[in-house]
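Please open the structure in your viewer and keep the selection tool at hand. This tour goes from stop to stop, saying at each one what to select and what is found there.

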Amino acid sequence: MNKAMRKLFIKNGTIKTMAGREFVGGVLIEGTKITALGETLDIDVPADALVIDAVGCLVLPGFIDAHCHVGIGEEIYRWEGEDFNEMTDPVTPDMRAIDGINPEDEGFRDARLGGVTAVFTGPGSANVIGGTGVVMKTAGKIVDKMIVRDPAGLKVAFGENPKSVYGEQKKMPMTRMGTAALLRQALVDAQVYRDKLEEGKTDPDKIPERDLGLETLVRVINHEIPLRAHAHRADDIMTAIRIAQEFEVDLVIEHCTEGHKIAEELAELGYPAVVGPLLTNRAKIELKDKSFKTPGILAKAGVKVAIMTDHSVTPIEQLPLCAALACKAGMDMEDALKAITINPAEILGVSERIGSLEVGKDADIVIWSEHPFVITARPLYVIIDGKIVNPEPRAGE
């Protein structure tokens, strides 16, 4: 083993793995990975390991915000930092979030203040098809080195947002029908493009001219990445599902504001829901029935639920507060913890690396002064890839 490898041992903490185990013991980190966890006496601790005594503390996997715009929508700027909506064409599958993310966005620091160690960040909802998003860590200097999965999904949007953006320009879509039609046509074009690529394997004359947008859509119809569908109203959610079934593609429902109205149907259909933002006002008509009860109702029905902030709509450091308020509204506490740890990891397709504390997974760990749903709880240590990354305090903090 490399002698320079960073080693860290957390001892005497209450370890909640989010993989079915809870015990008082320790976690050994070597390099960027968890190499052992369990009762302290069962772990052979290297002599050169930095030891953190977590007695009386709760040790959890880092939280994951399954939908936000951190890094690509910088909140302290006006238009200078708004890079999440290319509002010149309603169909832009060739846009890539990785090209617009600023790792120096203050939102990443704020995420760590709330124990959020990974996020899905990507395009907004102005376009019918907005581009691809990424899963990334919340500490680092270079975006490429912070990435966990790229691309992690293709953003599509239903409802009022595409209508309002392009209706004002007197362009399609001006209606929900127009939104659905544009998405269907794009998926049909991708099927044709894929067929031509297949034909080109045996007949080079049939190879189509390269199209970056269609290449991305082919990844969707080949089940390499899901559609991540912005949909608030129940009817918009069902339109997203209708199209996903028609083209046999994978789908994640995002926002799902009226999901409680069709919870049984969503559970039967098997699509996951990333719910939120909930800690906000009813800024538009689609949020009329917004409720902190929604994630709990969906979870009880059997839907796999993640809770999100939609940062900067809700500040990202308030992700645990959003989960706590869902509990206050009736969500089971264990379900709420899953909704910001292992569930988003599974929905995002990165659960082999993050979302729970298990040997071999990334060492993304937060040591809490008390349960994070308690209003006075503080993350004493935030660890990402085996490195302590607590933010430096600002003046006055």
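## First stop: a helix and what it packs against

In this predicted model, begin by selecting helix α3, whose buried residues pack against β9, α4 and β10 (227-231). Those buried residues of α3 are Asn161, Pro162, Val165, Tyr166 and Gly167. As a general point for reading any such helix, an α-helix has 3.6 residues a turn, so residues three or four places apart point the same way.

Next, select the loop between α3 (160-167) and α4 (176-200), which is the place of proline 173. Here, too, there is a cis peptide bond, joining methionine 172 and proline 173, with omega at about 10°.

The loop between α3 and α4 also holds lysine 170, which has a positive phi of about 60° although it is not a glycine. Is lysine 170 buried or exposed? With a relative accessible area of 69%, lysine 170 is exposed. Now move to the loop between α6 (234-247) and β11 (251-255), and select glutamate 248 there. Glutamate 248 is another residue other than glycine with a positive phi, in this case near 55°, and at 59% relative accessibility it counts as exposed. These stops are worth a careful look because most residues other than glycine have a negative phi, and most peptide bonds are trans.

## Salt bridges

A search of the whole structure finds 24 salt bridges, and a few of them can be visited one by one. Select lysine 7 and aspartate 48, which form a salt bridge whose closest N and O atoms are 3.2 Å apart. This pair links distant parts of the chain, since lysine 7 is in strand β1 (residues 7-16) while aspartate 48 is in the loop between β3 (33-38) and β4 (50-53), 41 residues apart. Lysine 7 has a relative accessibility of 11%, and because the limit for buried is under 20%, lysine 7 counts as buried.

For another pair, select glutamate 198 and lysine 201, whose side chains meet in a salt bridge of 3.0 Å, N to O. Glutamate 198 counts as partly exposed at 45% relative accessibility, whereas lysine 201, at 63%, counts as exposed.

Then go on to glutamate 358 and lysine 361, which form a salt bridge with the closest N and O atoms 3.2 Å apart. In this pair, glutamate 358 counts as partly exposed at 32% relative accessibility, but lysine 361 is buried, with a relative accessible area of 7%. Elsewhere, salt bridges that share partners join Lys33, Lys137, Arg353, Asp362, Asp364 and Asp385 into one network.

Now colour the chain by its domain assignment, which gives domain 1 (1-62 + 355-396) and domain 2 (63-353). The centres of domain 1 and domain 2, taken over C-alpha atoms, are separated by 30 Å. Where the domains meet, 27 residues of domain 1 are in contact with 30 residues of domain 2.

How much area is buried between domain 1 and domain 2? The buried area is about 2300 Å², and carbon and sulfur atoms give 62% of it. To see where domain 1 contributes, select Met18, Phe373 and Arg394, which supply 28% of the area that domain 1 buries against domain 2, more than any other three residues. Across the interface of domain 1 and domain 2 there are also 5 salt bridges.

## Last stop: a nonpolar patch on the surface

Finally, show the surface and select Leu50, Tyr381 and Ile388, which form a nonpolar patch with about 240 Å² of accessible area together. One of these residues, isoleucine 388, is found in strand β16 (residues 387-388). Isoleucine 388 is partly exposed, with a relative accessible area of 35%.

Methods
Residues are numbered from 1 along each chain as its sequence is written. This is a predicted model: local features need pLDDT of at least 70, side-chain atom pairs count only at pLDDT 80 or more; totals for chains, interfaces and linings use all residues. Side-chain values use heavy atoms; hydrogens and water are left out. A salt bridge is a side-chain nitrogen of Lys or Arg within 4 Å of a carboxyl oxygen of Asp or Glu. Helices (H or I, at least four residues) and strands (E, at least two) are DSSP runs, numbered from the N terminus. Buried means under 20% relative accessible area, exposed over 50%, partly exposed in between (1.4 Å probe, protein chains only). Patches are made of residues with over 30% relative accessible area and no salt bridge: like charges are joined within 9 Å, nonpolar side chains (Val, Leu, Ile, Met, Phe, Trp, Tyr) within 5 Å. Accessible areas come from the Shrake-Rupley method with a 1.4 Å probe; for residues, only the protein chains shown count as cover. Domain bounds come from an automatic or database domain assignment. Contact means heavy atoms within 4.5 Å. Buried area is the accessible area (1.4 Å probe) that two parts lose on being put together, summed over both.
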